[in-house]
Amino acid sequence: MEYVYFLGSGLVSVSAKVEAGRFVEAWLVGSEGMIGAPCVLAPEDPMPPHRRVVQVGGTALRIPTPAFLAALDDLRALREVILSYINLVLFQTSQVGACNSLHSVKQRLARWLLVAANAMDSGELPITHAVLAQLLGIRRASVSECLEAFEQAGIIRNTRAAITLVDRAQLEHSACSCSGLIQREYDRQIGRRLRA
């Protein structure tokens, strides 16, 4: 990785390869995070195995990876914040893996919508059914069926290329506990530092 990116806005999915040409999302990055977490743990690895895709355009600041790694060595406070973020990424990745193996498509989709809305700090998610299906590793028809049920229940408003959260409390009720666990870990790892 030539650069590490810090998002100001937008949404990036980091996906793991499951077979040739097929990737499933491992974690999401919004304005709370960075693209390049693996280079902190393995700076000698020039090509981390994950695929990073901008799902919602936005802004970012970038720094050359060698300069970023040097700053981590020089600035203890920066290192502590970055390590807290990486701890959050590890938690989110393991929680998403557990969620994907145990929970229904409806629960997983509700979890994804909640985590994405939190990462973007917005109830407006400009994302298509096809992209959601790819990220969750499920059929597009399953995504469409679940979104239609959410819309009929008044939970979301669904247009051609955007999903708007209308009733967040009801969406939280439809989701498994994973979105709440991810949010609590975010508050514990990152939120407390922002309040300090």
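A cavity is a set of points, on a 1 Å grid over the protein atoms alone, where a 1.4 Å probe fits but cannot get out, and lining residues have an atom within 4 Å of a point. Grid points are joined across faces, edges and corners, and a volume is the space filled by probe spheres set on the points. The model is predicted: local features need pLDDT of at least 70, side-chain atom pairs count only at pLDDT 80 or more, and totals for chains, interfaces and linings use all residues. Residues are numbered from 1 along each chain as its sequence is written, and side-chain values use heavy atoms, with hydrogens and water left out.

**Stop 1**

Select residues 22-29 and 51-56, which are β3 and β5. Element names refer to DSSP runs numbered from the N terminus: helices are H or I with at least four residues, and strands are E with at least two. The three-stranded sheet is open, with antiparallel pairing and the order β3-β2-β5. Here β3 and β5 are the edge strands, each pairing on one side only. From one strand to the next the twist averages 35 degrees. Two strands count as paired if DSSP finds at least two bridges between them. Strands of a sheet pair through backbone hydrogen bonds, either parallel or antiparallel.

For one point of reference, pick Ser15: its bridge partner in β3 is Glu25. Next, show residues 129-136, helix α5, which packs on the sheet and touches β2, β3 and β5. Contact means heavy atoms within 4.5 Å. The direction of α5 makes about 95 degrees with that of β3. Axes are lines fitted to C-alpha atoms, for helices over the stretch in contact, and angles run from 0 to 180 degrees between N-to-C directions.

**Stop 2: the cavities**

How many cavities of 30 Å³ or more does a search of the whole structure find? There are 2.

For the largest, select Met1, Val14, Trp27, Met34, Ile35, Gly36, Ala37, Pro38, His50 and Arg52, which line it. The space inside is about 50 Å³. By class the lining has 7 nonpolar, 2 polar and 1 charged residues. Ala, Val, Leu, Ile, Met, Phe, Trp, Tyr, Cys and Pro count as nonpolar, Asp, Glu, Lys and Arg as charged, and the others, Gly among them, as polar.

The second largest cavity has a volume of about 30 Å³. Select Glu25, Ala26, Trp27, Leu28, Gln92, Val96, Arg111, Trp112 and Val115 to see its lining. At least two residues each come from β3, α3 (76-102) and α4 (105-120), and β3 has the largest share, with 4 residues. This lining holds 6 nonpolar, 1 polar and 2 charged residues.

**Stop 3: the pockets**

A pocket is an open set of points with protein on both sides within 12 Å along at least five of seven lines. Select Ser31, Glu32, Gly33, Tyr186 and Ile190: of the 22 residues lining the largest pocket, these lie nearest its centre. The elements giving two or more residues to that lining are α3, α4 and α8 (178-195). The largest pocket contains about 420 Å³ of space. Its lining has 14 nonpolar, 6 polar and 2 charged residues.

For the second largest pocket, at about 160 Å³, select Leu7, Val12, Ile35, Val54 and Ala60, the closest to its centre of 15 lining residues. Strands β1 (3-7), β2 and β5 each supply at least two residues of the lining. The largest share, 4 residues, is that of β5. By class, 9 are nonpolar, 5 polar and 1 charged.

**Stop 4: a loop residue**

Go to Asp121, in the loop between α4 and β7 (124-125). Its phi is near 55 degrees, a positive value in a residue other than glycine. Is Asp121 buried or exposed? Asp121 counts as exposed because its relative accessibility is 70%. Buried means under 20% relative accessible area, exposed over 50%, and partly exposed in between (1.4 Å probe, protein chains only).

**Stop 5: the hairpin**

Finish with β8 and β9, which form a hairpin with 2 residues between them. Select residues 156-159 for β8 and 162-165 for β9. The two strands run antiparallel and are joined by 4 bridges. Ile156 has Leu165 of β9 as its bridge partner. On β8, Ile156 and Asn158 make up the covered face, while Arg157 and Thr159 make up the uncovered one.
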